[in-house]
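Trainee: Could we go through this structure together, feature by feature? For each feature I would like to hear the general idea before the particular case.

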Amino acid sequence: SAARQRLRTEASWSILRTAVGGSREERRAVLSGYPYTIPERHRPRYGALIVEACRSTDREVRRAAFGQLGEWAPWLVGVTELVVDRLTDLGESMVHIEVANLLKAGGEAVLGVALTRLVNRDADDEHPGDPASDRPARRRIELLARGAVVRSRSRPASADRSVLVESARWLAGHPAFVGTAAGLLVDLGRLDNLDEVAALCAGRPVLAVRTAEHVGVRLRGLHEWPDPATLSGTIARLTGRGDLAGGLFAVELVRHGAGFGWKAPWRDLLLDLRRHVDADVREEAYAVDMS
């Protein structure tokens, strides 16, 4: 701990390197250093110590080191494979916040690499599942999707999410994971990609219903709601698709009209949905009470 405060001397670095390979307490002393406590010129070198700790044989030390990795992201190099290995290590328990931090550390492109590895692993898994182990690769894929959403929401609305989106689209190309991919695409977009999501739900009525509910949650969770004109245009376009998914998505979005007292164009949009070609969409539209 004292060596961290005297990084101008090489002896301090010798102490820190030795500590990374020392006892659990010594390693934790190294890991308790945060970027804001380290002079900027020393951060790349200190970040390398954190990476070294990620390769420790001590499971608790590894967990602590990987938990720090996201904080050191701007000063790390060559950690892509390390991060992918961690994301796909089914022997390690993980939560979605950890996934988000690892995506920050390794770069969002690691999501696609990890998904590819896990989809292949699930395809090769001949075990049908039981209480002890129920499709672990599939569960990790679902966790990565949740972590990607956390990562996306931690960034400004204007940030480029194209890498995450491409990973979600790749996942959507695998029939066993269309539902996970559809939910991820809803969360990565700002209701501007719902035609694409609706197309994924074609012939999947249960998925269409579940995803429509997700669309409603996404609308309510936006920090800045879409411009009313843009939103009403989206509703009209989805209604015009004439399919179940598009219609159900439109019903979820048109509920926003209550905030405008069902003035034009919101009343007309709802009435159009009550004339939809799909009976289930019509019924859902009639369930929206304007009075």
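**Reading a helical chain**

Mentor: We can begin with the secondary structure: the protein chain has 16 helices and zero strands. Please keep in mind throughout that this is a predicted model.

Trainee: What percentage of the residues in the protein chain is buried, and what share of the contacts with a separation of 6 or more joins residues 24 or more positions apart?

Mentor: A residue counts as buried when its relative accessible area is under 20%. Buried residues make up 47% of the 291 residues in the protein chain, and residues 24 or more positions apart account for 64% of the contacts with a separation of 6 or more. The accessible surface comes to about 14400 Å², and carbon and sulfur atoms hold 52% of that surface.

Trainee: How many cavities of 30 Å³ or more does a search of the whole structure find, and which residues line the largest cavity?

Mentor: A cavity is a space in which the probe fits but from which it cannot get out. The search of the whole structure finds one cavity of 30 Å³ or more, and the largest cavity has a volume of about 40 Å³. The largest cavity is lined by F66, G67, R86, E98, N101 and L102. The elements that give two or more residues to this lining are α4 (59-69) and α6 (96-106), and α6 gives the most, with three residues. By class, the lining holds two nonpolar, two polar and two charged residues. R86, one of the lining residues, is also among the buried residues of helix α5.

Trainee: What is the volume of the largest pocket, and which elements each supply at least two residues of its lining?

Mentor: A pocket, in contrast to a cavity, is an open set of points. The largest pocket has a volume of about 290 Å³. Its lining consists of 16 residues, and those closest to its centre are R153, R190, R218, L222 and H223. At least two lining residues come from each of α8 (136-153), α10 (178-188) and α12 (205-221), with α12 supplying the largest share, four residues. The lining divides into four nonpolar, five polar and seven charged residues.

Trainee: Which residues line the second largest pocket?

Mentor: The second largest pocket, with a volume of about 160 Å³, is lined by E142, A145, R146, V149, G179, T180, G183, L184, D187 and H214. Two or more residues of this lining come from each of α8 and α10, and the largest share, five residues, belongs to α10. Its residues divide into three nonpolar, four polar and three charged.

Trainee: Where is L248 placed, and which residues is L248 in contact with, leaving aside its neighbours within four places in sequence?

Mentor: L248 lies in helix α14, residues 244-254, and is buried, with a relative accessible area of 8%. Leaving aside neighbours within four places in sequence, L248 is in contact with A208, V209, A212, D280, V281 and E284.

Trainee: Is D58 buried or exposed?

Mentor: D58, found in the loop between α3 and α4, is buried, with a relative accessible area of 16%. D58 touches R24 and R27, not counting residues up to four places away in sequence.

Terms used:
Residues are numbered from 1 along each chain as its sequence is written. This is a predicted model: local features need pLDDT of at least 70, side-chain atom pairs count only at pLDDT 80 or more; totals for chains, interfaces and linings use all residues. Side-chain values use heavy atoms; hydrogens and water are left out. On a 1 Å grid over the protein atoms alone, a cavity is a set of points where a 1.4 Å probe fits but cannot get out, and a pocket is an open set with protein on both sides within 12 Å along at least five of seven lines; lining residues have an atom within 4 Å of a point. Grid points are joined across faces, edges and corners, and a volume is the space filled by probe spheres set on the points. Ala, Val, Leu, Ile, Met, Phe, Trp, Tyr, Cys and Pro count as nonpolar, Asp, Glu, Lys and Arg as charged, and the others, Gly among them, as polar. Buried means under 20% relative accessible area, exposed over 50%, partly exposed in between (1.4 Å probe, protein chains only). Contact means heavy atoms within 4.5 Å. Accessible areas come from the Shrake-Rupley method with a 1.4 Å probe; for residues, only the protein chains shown count as cover.
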